Amino acid sequence: MASLAHDQRGPWGLRQGGVHWRRPTRREALGLGGLTFVAVVIAAVVMFQWNWLRGPLAGAISGRLHRPVAITGDLEVHTWSLSPSATVEGLTISNPAWAGREPMTVIPSLTVRIRLPQLLRGRLVLQEVRAVRPQVHLVRAADGRANWMFGDPRQPPQPLKLPAI
């Protein structure tokens, strides 16, 4: 390696007394790109407003349950943990039309905590499920229909697969 006195270049190929940059090596470019990506992801998670997902989340749950679902409160998500959690405030699940106008379920606060290492192995393990003051109204019609049976009423019922708690 040439000494600074002979080459007159400092760090990163900067010439002494003038500006001349050398092109970064592939390794340096990948390292800088990786650091930039990590910084952008961290900034996005820290600054992300989880309440933006209230409508899409309620819509996705409604589609799975085949009945209206509303989230009227805040979404609070804690991602920086081996046991990340999410809290939904003001969760309401409506009854099917035949069961009346009263909601099937009103949960002022629902918290779910998962085990991240298990999820990374492909298993969903619920470490905690906490519902604060839930109100659940179960109805069974004379013809055998039950409001706790979710899904498409035209399809035969499927067994419920719950993750380990």
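Reply: Happy to! Buried means under 20% relative accessible area, exposed means over 50%, and partly exposed lies in between (1.4 Å probe, protein chains only). This is a predicted model, where local features need pLDDT of at least 70 and side-chain atom pairs count only at pLDDT 80 or more, while totals for chains, interfaces and linings use all residues. Residues are numbered from 1 along each chain as its sequence is written, and side-chain values use heavy atoms, leaving out hydrogens and water.

Me: Why is R145 called partly exposed?

Reply: R145 has a relative accessible area of 40%. That value falls between 20% and 50%, so R145 is partly exposed.

Me: And what makes D143 exposed?

Reply: Its relative accessible area is 53%. The cut-off is over 50%, so D143 counts as exposed.

Me: How do you know that D143 forms a salt bridge with R145?

Reply: A salt bridge needs a side-chain nitrogen of Lys or Arg within 4 Å of a carboxyl oxygen of Asp or Glu. In D143 and R145 the closest N and O atoms are 2.9 Å apart, so the pair qualifies.

Me: What makes R113, E128 and R130 a network?

Reply: Salt bridges link these residues. E128 pairs with R113 at 3.1 Å and with R130 at 3.0 Å; both distances are within 4 Å, so both pairs count.

Me: Why is W80 called exposed?

Reply: W80 has 61% relative accessibility, which is over 50%, so the label is exposed.
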